[in-house]
Structures are given as structure tokens and as C-alpha cells.
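Open the model in your viewer and keep the selection tool ready.

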Amino acid sequence: MGLHTRFPTSSPLLTPRELDLLPRLRFLDPACGSGNFLLLAFRELRRLELDALAEQQRGQQVLDVAHLIRVNVGQFYGIEYDEFPAQIARVAMWLADHQANIEASQTLGQNFVNLPLMQAAHIKHGDALETDWAEHLNLEADAPGLARLYIVGNPPFVGGKKMSAAQRAQVVREFAGVKDAGVLDYVAAWYVKAAKVMQATAREFPGLQTAAALVSTNSVTQGEQVAPLWGNVLQDYGQTITAAHRTFKWSNDAPGQAAVHCVIVQFQPSAQASGPRRLFTYSSPTAQPLEMQAQNITPYLTDGPAVIVQKAGNPLRAGVPPIHFGNMPLDGGNLLLTEQERAELLEKEPAAAKFVRPLLDAQDFLNGGTRFCLWLEGAEPAELARLPEVRKRVEAVKAWRLASVAPSTQKFAATPALFRDRRLPERYLAVPSVSSERREYVPVGYLDSGTVVNNLLFMVPDADLFTFGVIQSRPHMDWMRAVSVGWPQSLDGFE
Ligand SMILES: C[S@@+](CC[C@H](N)C(=O)[O-])C[C@H]1O[C@@H](n2cnc3c(N)ncnc32)[C@H](O)[C@@H]1O
């Protein structure tokens, strides 16, 4: 069912105390789809129980299997937005129950059928972000009898830019009052909601231990998402990361599903976080994990002190030159020229040559570029009047900006000959915002005002050689690998 999971072939037998614990566990998958996580958890728990029971009952006549088996599907809770998978999850849990009963009958030598079906998994068809999880779990009534609550799943992966307005509003609501919550992915809302539920549970039902472990895209442990997400979860809601899998590639059987680079982060209320911190690392996204014990697991999934890198618009220290984005054209493509368009324009209007400059984005900078742009800063109206082809392009920019639904774009229709940004220092250091992880060093280099860089490059005006050295240095490259977005495909940590 699209889930590749390898479990150890033999687990140590449970002690009688652990066996007693099993029926007092509760599981919630708050984006359960067709229920794979719940299904596997149920199946493995029943197997653990069965192995221990078989050992206990060895050589004895089993009188009543129904009384021995205490793990039941009623311990499993799910929430799913789509109705069809929610129904599948319910049925799949019954089938898993039936299969587990057959295994029990074969192992314990007594026919065991759980009919009529008295217990069912609690799968709610609804929006997890509009659902009170504690209420769905019936904690008010059941918590005193429970020992542990586990929140698991792989909530929806919807990137910040692809989210619907309603989804974004949900995320912002979950992170009420948190600075920069607007940059978060949809999945972040599940992290913080789990943290809130666990914090409240620890307060109201101190005997009930909780832990959450979510699979998600690695973006929640990189770049600008780290501060709003983990600052909130760890500091405001008192959680600690107790185990994590660093980036690995998770492929999916489902047709048309691309493999995603995932992480798994387990966290729990700090007061309950005892025991070693387990960190699983992958030498490549498809390698087998290596487990190490960590002193402390940071939100970047490294072993180290609990430091969260905050976004800063200005240098942190005096004497360090500022770094800016390059220039966003915001032009509908009308100020940009291919090599051929440039040649055609200059054939018709040779006088336009002084306004045409090479344009680089991060790719062009790294691999060589052949694009150009019209840079009309300082052009006199009288000069433009003699360049009808150029004027045509300027008119097209104006029309494009006016047609935009964004007032911030429409505003720039007043200056249609110009890029949105107009930063072109005489000499500057260009720093690509995106690069391949395969590069050991991200190349940076000096450019001058003869070349325009767009907003996919950063620029450090008048950077001295010391600045060049620091940006190009090994420690800076390592720092980027640790905190920037997009490993393993790209680096975007210069901001
Ligand atoms: C990545 S899938 C999880 C698949 C699941 N582990 C399984 O076994 O099928 C994410 C699921 O979250 C559901 N979902 C999306 N938005 C949701 C919401 N607001 N509340 C609850 N479920 C949601 C999707 O319909 C999808 O089934």
C-alpha cells in the first residue's frame, strides 16, 4: 500500500509488565489516509503480544484466547479529510484484526474469531486542524486508564507556495502570534498541534506519557521554517526532540508519486524526555541509516546545543557589509532578451546597445549565461522616443503590471522602463542563492555594473577580499549545509 517498512525479524520477548502495558497504549494518526501507519502499528503490537503469550502459555492448555488477547483495534484513532480513504482505513483495520486473530488461533492452538465485531478503529472523517484531538481520543474519560499516547503519521506535504488560502489561514491560526508563520508548510500545523495536545495532556493527566513522531519533507528542519516552527514547538510548548531520522529518500508505490526527501522527528514533553537521544543519519538519501546517540538533537537534526538561527535583514556586527537580493524584473518577460532577440533588436535599433546588458540568474552565474536585459535606468525620454522597439517593450511591461491582481505589482506600472529593483553597484560580489549539493564549494565571484543579476543571486556591494574569503570558506560552506534549504538538491542559506 505504498509503505515500505522493514521491521526486525525477531523482537525481544516482552516482559509481563510490558505485556500489561500494551492495552493501555493509544495511537492517533491525525492525517491517516487509508490507515497504513495505524495498520502496521496494530499488526506489530498484536505480534509482540502473541509472541509473549505463546511463551507464557508454552506447554499449557489454552482455555480462553479471547481473554488473553488484549490489544484491540479500539486503541487506534485516525482523522482523515477525504471520505474514501477514511472508509478504507476503517475496513482495513477490521481486516488486520481478522488476520491477527487467525495468527493467534494458529499459534495458540485454539480457534479465535472476534465476531461479532465489537471493536472498531476510531477513524474520523474530518479536518484534523478543525478537530479537537483530545476530544476525539476521548481523553477526558479514558486518560486515567491509559499509560502512553503516541501521535504518528505523515501529514500532507503542501509547500508554502502551493497552499490554498484556507490552508494558509489554518497554519497562521495554529501559530497565532508567531513571527514569520507565513513561511511555514502546511505540515507544520500538525507539529504544533501535536505539541499543544501533548503539553495539555501532560498538565491535565500527568500519569499519561505522550510522544509524537511525524514523517515530513525535510523542509521543516531547514532554512527559514526552523525558527517559527521549532521555536514555537520546543520553547513555547515545552517539547524536546528525542529521536530523529535525518534526510532520506522515501519512495512511494502510488502511480505518479515522486520520491520525496523526508525526515522523521520524534518529540515529547521535556519533562517526560528521559533516555538516550537517538539520531539516525544517512550517508546518502538512499543509504541505510546509521544510529548514533546524541546529547541533544537540534531542530536541524544535528547533535549540538539548542541554537535556532534567526532571520536577520542586516549584518549582526558593525563593519560587515550588507547582502542584498539582486534585481527582480517584475516585467512579464518584456525587459528580458535572448541572444537572438538582442541581435534582432540591435539590428533595428543600434542605438539601444547602450541599454542592453547581460543578465544572470544563479544558474547562469554557475554554468554560463546567454541572456540579456534592457536596463533603462537613466535613459532620457528623448532617447527612448527614438527607440520604438524598446518603447514597445516598455509599454508591454506597463500593461502587464497594470493587469496584475497584486496592488504591489500595479504600483510599478508608474515606472515601466525599470526593473522592480535597481541595484547595480560599480563592483559587487555575486552569490548564488541556489546551487547543487554535489558542489563542495558554492562558487561566488566579483561582477561589475556592466552585468545585471536578478533576484536569484545575492549581491554584496563593494565586498572586500576578506568578505570574499569568509563567504567562500569551508566553515561557511558547512554552515550552509547545516541550516539552508533543499538538501540534497540546492542550497539557499545566504539570506
Ligand atoms: C501523506 S498522506 C498520508 C497517507 C497515510 N499515511 C496512509 O497511510 O494512507 C496525507 C493525508 O492527509 C490527508 N489530509 C490533508 N489535509 C488534511 C486535513 N486538513 N485533515 C486531515 N487529513 C488531511 C490527505 O487526504 C491524505 O490522505
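**Stop 1: the ligand**

Select the ligand and its surroundings: 19 residues form the shell, and the closest are Ala 31, Gly 33, Asn 36, Tyr 81 and Ala 128. Bear in mind that this is a predicted model.

Now colour the shell by residue class. It divides into 10 nonpolar, six polar and three charged residues.

Which elements each supply at least two residues of the shell? Select α2 (36-56) and β2 (76-80).

**Stop 2**

Zoom out to the whole protein chain.

**Stop 3: Asn 138**

Go to the loop between α5 (133-136) and α6 (139-142), where Asn 138 is found. Check its backbone. Phi of Asn 138 is near 55 degrees, a positive value in a residue that is not glycine.

Why does Asn 138 count as partly exposed? Because it has 13 C-beta neighbours inside 10 Å, and partly exposed covers counts between the exposed limit of 12 or fewer and the buried limit of 20 or more.

**Stop 4: Asp 462**

Move on to the loop between β17 (457-461) and α15 (465-471) and pick Asp 462. Here too, look at phi. Asp 462 is not a glycine, yet its phi is positive, at about 50 degrees.

Is Asp 462 buried or exposed? Asp 462 is exposed, because 11 other C-beta atoms lie within 10 Å and the exposed class takes 12 or fewer.

Technical notes. Residues numbered from 1 in each chain as written. Predicted model: local features only at pLDDT ≥ 70, side-chain atom pairs only at ≥ 80, totals over all residues. Near = placed C-beta within 6 Å. Helix = DSSP H or I, 4+ residues; strand = E, 2+ residues; numbered from the N terminus. Nonpolar A, V, L, I, M, F, W, Y, C, P; charged D, E, K, R; others polar.
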